[in-house]
Amino acid sequence: MHEWTEKKEMALKPIKTITMAKSREKESKLKSSVLFECNEEGCINKFLKYNNLVHHLATGKHVRKPAKHLLKDTAIQLYKSKLERMGNLEMISLMLETSNIEDTIKSKEKFSTGLREGWALSKERKNARLSVKQTQFLLEKFNEGVRTFVRWKPEVLVTKMHELKVNGKFNFTASEFLMASPIRSFFSREKAKRQKFQLNENDTVDQENEFFQDDLALEEISDREALRQECEKALDEEEQTENSVQLTRAVKHNVSTYDISDKRRSSFSKRKL
Ligand SMILES: [Zn+2]
């Protein structure tokens with residue numbers, strides 16, 4: 001009650017300034033600019049004359065304008081009330097249901113999301129078997145390598161798979177594309193298989209496999225070295241052809257470019273089967 005009267009006094013302050021203002025000029029200026037606002041919460045009435053305000057307060061005919069709410073605010077409020085209501089409802093229902101063990105189990109089932117256990121774990125890596133089409137393609141490339149003594153690089157074959165067209169249609173769908181590693185292991189297996197078949201007396205397959213891996217590593221190193229040298233040579237001779245620019249870029253960014261597959265086919269340390 002005290003608070004209200006205090007507020008009222010504060011609201012009525014402009015009157016004092018008006019009544020105390022002696023000059024008529026000032027009074028008229030104040031009259032035009034200062035309005036007496038009703039201090040009732042929500043009321044939008046304003047009055048030019050103090051008497052009218054008093055009358056308004058006495059009659060209590062306040063004019064209320066529906067407050068405007070931002071959609072965001074409304075949404076937040078709705079969400080909050082919903083959460084509160086839902087929380088209460090569930091608490092009650094849980095309390096009711098936990099009185100019985102069977103019901104508790106049922107309620108647990110009710111809240112289950114239908115996800116299997118371990119759904120958030122990363123997917124198990126499957127050693128997917130190669131399809132007939134993939135195997136055929138890789139075998140073809142492997143045999144080509146054996147015939148020409150120039151082995152296909154797995155990275156190059158990855159793009160080859162992407163680009164390969166048969167009768168104007170792409171031969172492999174996106175799901176059939178292979179990464180470099182399965183191609184490499186396929187080649188490794190294939191080579192081991194053939195070596196085992198041919199030299200089943202001397203070398204063990206394991207040793208051969210090791211040699212093969214070393215081979216791959218050596219080849220990679222020598223390839224990069226060759227590429228680097230080629231670039232330097234190209235730069236020295238200032239043959240700024242498109243090709244050399246591409247090569248430099250490739251080395252600078254250490255990217256294995258597929259545009260230069262022919263150059264990367266290396267015959268380094270190719271051993272006869
Ligand atoms: Zn009012």
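Which residues does Leu178 touch, not counting residues up to four places away in sequence? They are Leu130, Gln134, Leu138, Val158, Met161 and Ile183, where contact means heavy atoms within 4.5 Å.

Before I continue, a word on the basis. This is a predicted model, in which local features need pLDDT of at least 70 and side-chain atom pairs count only at pLDDT 80 or more, while totals for chains, interfaces and linings use all residues. Residues are numbered from 1 along each chain as its sequence is written, and side-chain values use heavy atoms, with hydrogens and water left out.

Leu178 is among the residues with the most contacts inside the largest nonpolar core, which has 16 residues; Phe137 and Phe187 are also among them. A nonpolar core is a set of buried Ala, Val, Leu, Ile, Met, Phe, Trp, Tyr and Cys residues joined through side-chain atoms within 4.5 Å. Buried means under 20% relative accessible area, exposed over 50%, and partly exposed in between, with a 1.4 Å probe and protein chains only. Two or more residues of this core come from each of α6 (132–148), α7 (154–163), α8 (180–198) and α9 (205–236). Helices here are DSSP runs of H or I with at least four residues, and strands are runs of E with at least two, numbered from the N terminus.

I turn to the aromatic rings. The whole structure holds four aromatic pairs. Rings of Phe, Tyr and Trp (its six-membered ring) pair if their centres lie within 6.5 Å; planes under 30 degrees apart count as stacked, over 60 as edge-to-face and the rest as tilted. Phe137 and Phe172 are edge-to-face, at 5.3 Å centre to centre and 75° between the planes. Phe137 belongs to helix α6 and Phe172 to the loop between β4 (169–170) and α8, 35 residues apart. Both Phe137 and Phe172 are buried.

Finally, the zinc ion. Its donors are Cys38 (SG), Cys43 (SG), His56 (NE2) and His62 (ND1), at 2.0 to 2.3 Å; donors are N, O and S atoms within 2.8 Å of the metal (3.2 Å for Na, K and Ca), and water is not among the atoms, so sites may look incomplete. Angles of 103 to 118° make the site tetrahedral, a label given to four donors if all angles lie between 85 and 135 degrees. Along the chain, the spacing is C-x4-C-x12-H-x5-H. Cys38 counts as buried because its relative accessibility is 7%.

Note on methods
Tetrahedral: all angles 85-135°; square planar, octahedral: opposite > 155°, others 65-115°.
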